[in-house]
Amino acid sequence: TKPHHTSMEGKAPEEGSAPAASPFKTSSPSRSPSKSGKSSRKDGEKKKEKSSKKSGKSSKSRSSSRHHGSSSALHSHNRHLAVNTIDIFHEVTLLFGTVSEYCTADTCPIMCAGENYQYWWADGMKIKTPIKLPAHDYITHLSVWISKLLNSEKIFPLSHGVAYPTDFEQYIKVMMKRLFRVFAHIYHSHSKEIVALELEQELNTSFMRFMDFVEKYKLVKPVEFMPLETLIKNLKALRNQAAPASASASGVAKDS
């Protein structure tokens, strides 16, 4: 199979306008009232107008408060995604850097994760039609592409008060999908080098941190995990086995 990158398209949700307040209606009297009647009716209308204005202000205040709370929660969520994305990108870059000298056009002529999964490169801008690249070139293109996004104030705003774009999470999803491919390539094509460098623990820890993040927020479709499906199950099983042992050990230490 040859998963291709699809162009990122985000559309801001349409903002609905608030419904216009219905006009205050009064019925015309069938006969002319007395002066005292006019005064009484005017006073009543003034009270109703004041009450309507206060109610309107209160409603606007509540609406503004709800909107602000929702906007603040979304901003915090996006910031959390941004911070973790930056950390993961740096970790993947460092991990691949340890085996990059072994990843050449001769040893890895195609970006792949085993024989059944090939990944072609396209960025939707300069390269719109997916092309075959050696693994090292694919990962280099990916690194440059992600770096540009991270340095874009429009996509990853650093200034206080600047909102994230409406399609921000879509960018994160594409980045995570492609960073998974780097993990998959390392495990399939450079496991011997990782073992020789005694970096198995570092690689597994970083990978499981990545999996926890993308699964929690559903950033990568499960079908993308198929090249490492067995590995993921094994690593999760090992972690589950280690958890009770760790809890038991900490309990003994506490009691002693």
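These legends go with close-up views of a predicted model. Local features need pLDDT of at least 70 and side-chain atom pairs count only at pLDDT 80 or more, while totals for chains, interfaces and linings use all residues. Residues are numbered from 1 along each chain as its sequence is written, and side-chain values use heavy atoms, with hydrogens and water left out.

View 1. Going along the sequence, the pattern reads α-α-α-α-α-α. Helices (H or I, at least four residues) and strands (E, at least two) are DSSP runs, numbered from the N terminus. Of the 256 residues, 30% are buried; buried means under 20% relative accessible area, exposed over 50%, and partly exposed in between, with a 1.4 Å probe and protein chains only. The chain exposes about 17200 Å², and carbon and sulfur atoms supply 54% of that (Shrake-Rupley method, 1.4 Å probe). Take the contacts between residues at least 6 apart in sequence: 70% of them join residues at least 24 apart. Contact here means heavy atoms within 4.5 Å.

**View 2. Helix α2 (residues 135–150) meets α3.** Their axes come within 11 Å and cross at roughly 150°, so α2 and α3 are roughly antiparallel. For reference, axes are lines fitted to C-alpha atoms, for helices over the stretch in contact, and angles run from 0 to 180 degrees between N-to-C directions. Angles over 145 degrees count as roughly antiparallel, under 35 as roughly parallel, 65 to 115 as roughly perpendicular and the rest as oblique. The crossing of α2 past α3 is left-handed, a label used if the near helix is turned anticlockwise from the far one by less than a right angle. On the α2 side, the contact uses A135, Y138, I139, L142, W145, I146 and L149. From α3 come Y171, V174, M175, R178, L179, R181, V182 and H185. By class, that makes twelve nonpolar, one polar and two charged residues. Ala, Val, Leu, Ile, Met, Phe, Trp, Tyr, Cys and Pro count as nonpolar, Asp, Glu, Lys and Arg as charged, and the others, Gly among them, as polar.

**View 3. Helix α3 (residues 168–189) also packs against α5 (residues 200–216).** The two axes come within 11 Å, crossing at roughly 150°, and the pair is therefore roughly antiparallel. α3 goes past α5 in a left-handed crossing. Look for M176, L179, F180, F183, I186 and Y187 on α3, and for L203, N204, S206, F207, F210, F213 and V214 on α5. Eleven of these contact residues are nonpolar, two are polar and none is charged.

View 4. Most residues other than glycine have a negative phi. E198 is exposed, at 63% relative accessible area.

**View 5. I110 lies in the loop between α1 (35–99) and α2.** Leaving out residues up to four places away in sequence, I110 touches Q118, K132, L133, P134 and A135. With 23% relative accessibility, I110 counts as partly exposed.
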